[in-house]
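User: I am new to this structure and would like to go through it with you. Could you show it first?

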Amino acid sequence: MSILFYENTKTFHLCNQEISYIMTVLPNGHMGQLYFGKRVHQREDYSYLYETAPRPMASYVFEGDYSLSLEHVRQEYGVYGTTDFRRPAIEILQSNGSRLCDFQYQRHEIMKGKPSLSGLPATYTEKDEEAETLRVLLEDALTGVTVELLYTIFAKGGILARSAKITNKGADSVHLTAAMSLCMDLPDCNYEWLQFSGAWARERHLKVRKLEQGIQAVDSRRGHSSHEHNPFIVLKRPETCENQGEAIGFSLIYSGNFLAQAEVDTHDTTRVLMGIHPMGFDWKLDVRESFQTPEAVMVYSERGLNGMSQTFHRLYQKRLARGYWRDRARPILNNNWEATYFDFTEDRLVEIARKAKECGVELFVLDDGWFGERSSDHAGLGDWAANPKRLSGGITGFAERIEELGMKFGLWFEPEMVNKDSELYRKHPDWILSAPGRNVSHGRNQYVLDFSRTEVVDCIYGMMAKILREAKVSYIKWDMNRSITECYSAALPPERQGEVFHRYILGVYHLYERLNTEFPQVLFESCASGGGRFDPGILYYAPQGWASDDSDAVERLKIQYGTSFCYPISSIGSHVSVTPNHQVFRNTPLHTRANVAYFGTFGYELDLNKLEKEEQESVKEQIAFMKEYRQVLQFGTFYRLASPFEGNITCWMTVSENRTEAIVGWYRTLSHVNMPYMRVRLQGLDPEACYEDQETKKRYFGDELMNIGLVTSDATCGQMDGNTGECCDFDSRLYVFKAV
Ligand code: DGJ
């Protein structure tokens with residue numbers, strides 16, 4: 001890996017074994033983009049990539065000159081209105097009303113490793129040799145505002161991390177009304193656009209369409225990254241599939257309002273912008289103040305979508321997630337939410353926990369309803385102390401009862417919210433986000449605390465930390481159950497109201513950081529009504545997240561498949577729940593529910609006492625299986641093999657690092673009679689190794705399984721399930737292979 005600068009041509013070349021990223025200083029001093037893709041030779045002069053020609057209707061920067069029109073030049077951090085008409089990377093409102101700016105190259109610095117971004121989550125290095133970083137300083141001479149563009153290239157993988165820091169070195173305050181993390185101009189538009197969209201209970205469904213002239217975008221304006229769209233998009237070549245071809249993934253390490261868009265102009269070049277959503281964003285930069293954008297990560301792969309995903313998985317698992325749990329197999333848990341909802345007593349919980357322990361569960365999680373006057377979703381949020389009518393010994397006493405059973409104890413919080421029926425709200429009604437003279441909307445009867453205010457975050461921290469100091473709590477589920485409306489802070493002046501959304505997220509990050517620091521061994525699981533804030537920003541603080549409130553195994557195929565495009569399997573919270581399922585009322589076999597949940601953090605969302613004896617025995621086997629194989633399931637190399645978005649069969653697999661173990665999950669949504677013959681070609685095995693199927697004891701060479709395929713034809717199709725006498729819909733199989 002290296003970052004080279006050629007003084008004569010003012011050209012930068014960032015490269016490692018896989019990629020090259022080349023840019024140059026344009027004749028007007030702006031930074032121009034020349035190339036991003038598979039590694040190419042080093043040379044001093046790539047000026048042939050700077051294509052200029054006079055074009056009718058273009059406007060030109062220099063008088064009497066027809067060569068430089070910014071609209072026709074690929075740039076690193078484009079501005080609007082000085083011959084470029086595309087959406088800009090940055091926009092600054094100045095005291096004279098102008099929004100024009102002219103950021104010219106001043107100097108640069110190349111350093112080993114990667115600096116952290118103050119107050120923000122970001123990828124990191126553990127040793128300096130892991131990455132190199134280039135900082136390019138640009139200045140707008142008239143306002144004195146500077147932009148520092150930060151580029152980190154990692155030694156391994158086609159990864160480039162980018163962000164920008166804007167500083168007001170002038171004499172006047174300015175307003176930053178757009179400051180994107182990434183602006184990437186590509187020379188053509190022969191791509192398909194992949195986005196991961198949905199709604200509550202159907203998060204991150206894959207949508208694919210051809211990139212067309214005009215703007216295509218996904219975004220969130222809800223104050224959290226959202227169920228609707230994920231801050232992650234992919235551009236892939238039309239011929240690219242899972243295992244071959246070019247793809248570029250763009251991921252934003254941020255949990256608030258975001259915009260990810262591709263603008264294809266009518267000359268077929270593509271500008272990708274990614275960052276904080278400019279709508280409503282207005283950051284006042286006083287003299288000598290700085291604004292740091294979140295980080296965006298680009299991954300280039302020529303090994304198809306699986307290659308891209310595997311690079312993201314490794315990066316986010318090892319160099320974004322942090323702390324004690326980063327590399328550890330995750331505890332198998334039993335959460336009481338779908339077992340009891342609000343209707344529980346201490347003894348009932350202990351009964352659930354006792355059975356869980358008997359089956360091998362390691363962690364019991366007490367969900368919503370343990371605090372304040374919380375017996376429904378109308379009251380209690382904000383009062384983070386146990387309700388003594390429900391838990392006589394408080395959290396300390398209850399946690400001890402769970403520990404006495406031989407299990408760890410976990411607890412649910414929703415730190416950012418308050419009910420009007422709570423002590424906290426009665427004491428501090430002005431602590432919620434609300435605009436003067438306006439109605440305040442609710443979501444699930446709750447209101448959003450103003451996390452842009454330090455005293456609010458401090459107060460919540462105080463209540464949470466007290467419990468964590470006093471009681472044996474090993475895990476926290478941090479929930480967030482509504483989007484933000486009336487985003488106005490009583491603590492900020494009018495000209496700073498455009499800062500509230502971002503300051504709110506900084507408050508969330510700050511609280512996470514304080515808790516992570518004081519309680520480093522507590523495992524955090526993020527949640528936002530399921531997967532409403534499943535993004536890389538949160539992964540920095542919580543190495544796993546509840547992927548969706550939809551726990552139905554069939555629905556989960558699409559949700560987990562879509563999630564896997566960017567996020568590592570160790571981050572995907574997935575549990576076995578009861579049938580009929582509480583969201584779709586579907587009956588699926590117990591083995592299928594487990595076969596889906598194994599590819600995630602694994603646990604149970606039910607009362608095991610209510611299962612039949614035989615089912616309880618199966619649960620014991622499932623848990624024993626997960627304990628034996630969770631390392632490879634959660635941390636192996638993951639491959640998508642057959643898509644639930646394309647057909648009746650879903651298939652994926654994971655392979656251990658040394659390729660001696662592989663587990664294949666095969667799922668058939670509907671049963672059919674007299675089905676065609678079927679095979680699935682496996683990936684990632686050692687072609688020379690001989691693998692034994694742990695169930696049938698049949699042996700195959702790796703090259704057979706990868707080239708001929710695993711035979712999955714089903715002679716029993718159309719018959720009834722031998723155990724239940726029911727139809728075989730929603731069937732699944734797990735194949736475990738070990739090298740012999
Ligand atoms: C939404 C979460 O996604 C559920 O798992 C559960 O924790 C409820 N909130 C509790 O209110």
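User: Is threonine 83 buried or exposed?
Analyst: Threonine 83 is buried, at a relative accessible area of 9%. Buried means under 20% relative accessible area, exposed over 50%, and partly exposed in between, with a 1.4 Å probe and protein chains only. Please note that this is a predicted model, in which local features need pLDDT of at least 70 and side-chain atom pairs count only at pLDDT 80 or more, while totals for chains, interfaces and linings use all residues. Residues are numbered from 1 along each chain as its sequence is written, and side-chain values use heavy atoms, with hydrogens and water left out.

User: Where does threonine 83 sit?
Analyst: Threonine 83 belongs to the loop between strand E4 (31-38) and strand E5 (90-93). Helices (H or I, at least four residues) and strands (E, at least two) are DSSP runs, numbered from the N terminus. Although threonine 83 is not a glycine, its phi is positive, about 95 degrees. Most residues other than glycine have a negative phi.

User: And what about lysine 697, what is its phi?
Analyst: Lysine 697 also has a positive phi, near 65 degrees. Its loop runs between strand E36 (690-693) and strand E37 (699-701). Lysine 697 is partly exposed, with a relative accessible area of 47%.

User: Changing topic: which residues come nearest to the ligand?
Analyst: There are 13 residues around the ligand, and Asp367, Asp368, Lys477, Asp479 and Asp549 come nearest. A residue is near a molecule if one of its heavy atoms lies within 4 Å of it. The shell comprises four nonpolar, three polar and six charged residues. In that division Ala, Val, Leu, Ile, Met, Phe, Trp, Tyr, Cys and Pro count as nonpolar, Asp, Glu, Lys and Arg as charged, and the others, Gly among them, as polar.

User: What lies 2.7 Å from an oxygen atom of the ligand?
Analyst: That is a polar side-chain atom of aspartate 367. A side-chain N or O atom of arginine 444 is 2.8 Å from an oxygen atom of the ligand, and a backbone N or O atom of glycine 530 is 2.9 Å from an oxygen atom of the ligand. The protein covers 97% of the 290 Å² of accessible area that the ligand has on its own, by the Shrake-Rupley method with a 1.4 Å probe.

User: How many disulfides are there?
Analyst: The count is zero, where a disulfide is a pair of cysteine sulfur atoms within 2.5 Å. Cysteine 459 cannot pair because its sulfur is 20 Å from the closest cysteine sulfur, in cysteine 487, too far for a bond.

User: How many residues of helix H9 are buried?
Analyst: Nine of the eleven residues of H9 (553-563) are buried, including Arg556, Leu557 and Tyr561. Aspartate 552 caps the N-terminal end of H9, with a side-chain oxygen 3.1 Å from the backbone nitrogen of valine 554.

User: Last one: what does leucine 349 touch?
Analyst: Not counting residues up to four places away in sequence, leucine 349 touches Asn336, Phe344, Phe364, Leu366, Leu391 and Phe398; contact means heavy atoms within 4.5 Å. Leucine 349 lies in helix H3 (residues 346-359) and is buried, at 0% relative accessible area.

Notes:
Polar contact = N/O pair within 3.5 Å; in protein donor to acceptor, adjacent residues only side chain to side chain.
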